[in-house]
Amino acid sequence: MTFMVPRLWLAHFLLGRPYIDTGQPRLAVEAFSADIELDPNYEIIHDRRAEVYNMLGEHSLVVDDYDRAE
């Protein structure tokens, strides 16, 4: 779990990529999900989380996030 100032959604967003790069996609999902709670209308967050769900083989969640990103 990542502990950051909740209002700083960008910190969570930027943390997602290093989690992916270090082989921790579940933590990336947590970071991107925290972003979505803070700003559900920011489409790129859904797009990034969909990419991680795809890595995890969660195809129905990929479709859901891509639909929200459009």
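In this report, buried means under 20% relative accessible area, exposed means over 50%, and partly exposed is in between, using a 1.4 Å probe and protein chains only. What you're looking at is a predicted model, where local features need pLDDT of at least 70, side-chain atom pairs count only at pLDDT 80 or more, and totals for chains, interfaces and linings use all residues. Residues are numbered from 1 along each chain as its sequence is written, and side-chain values use heavy atoms, with hydrogens and water left out.

Let's start with the helices. Helices (H or I, at least four residues) are DSSP runs numbered from the N terminus, as are strands (E, at least two). Two packed helices are described by the angle between their axes and the distance between the axes. An axis here is a line fitted to C-alpha atoms, for helices over the stretch in contact, and angles run from 0 to 180 degrees between N-to-C directions.

| Helix pair | Axes come within | Crossing angle |
|---|---|---|
| H1 and H2 | 8 Å | roughly 160° |
| H2 and H3 | 9 Å | roughly 155° |
| H3 and H4 | 8 Å | roughly 165° |

As for direction, angles under 35 degrees count as roughly parallel, over 145 as roughly antiparallel, 65 to 115 as roughly perpendicular and the rest as oblique. H1 is therefore roughly antiparallel to H2, H2 and H3 are roughly antiparallel to each other, and H3 is roughly antiparallel to H4.

Then there's handedness: a crossing is left-handed if the near helix is turned anticlockwise from the far one by less than a right angle, and right-handed if clockwise. H1 passes H2 in a left-handed crossing, H2 crosses H3 in a left-handed way, and the crossing of H3 and H4 is left-handed too.

Who touches whom? Contact means heavy atoms within 4.5 Å. For the classes, Ala, Val, Leu, Ile, Met, Phe, Trp, Tyr, Cys and Pro count as nonpolar, Asp, Glu, Lys and Arg as charged, and the others, Gly among them, as polar. Where H1 meets H2, the residues involved include Trp9, Phe13 and Ile20 of H1 and Leu27, Phe32 and Leu38 of H2. That contact divides into eleven nonpolar, two polar and two charged residues. Between H2 and H3, the partners include Val29, Phe32 and Ile36 on the H2 side and Ile45, Val52 and Met55 on the H3 side. By class, this contact of H2 with H3 has nine nonpolar, two polar and three charged residues. For H3 and H4, the residues that meet include Glu43, Ala50 and Tyr53 in H3 and Leu61, Val62 and Arg68 in H4.

Now for the aromatic rings. Rings of Phe, Tyr and Trp (its six-membered ring) pair if their centres lie within 6.5 Å; planes under 30 degrees apart count as stacked, over 60 as edge-to-face and the rest as tilted. Searching the whole structure turns up one aromatic pair. Phe13 and Phe32 make up this tilted pair, 5.9 Å centre to centre with 55° between the planes. Phe13 sits in helix H1 (residues 9-21) and Phe32 in helix H2 (residues 25-38), so the pair ties together parts that are 19 residues apart in sequence. Phe13 counts as buried at 15% relative accessibility, and Phe32 counts as buried at 2%.

Val62 is buried, with a relative accessible area of 9%. Not counting residues up to four places away in sequence, Val62 touches Ala50, Tyr53 and Asn54.
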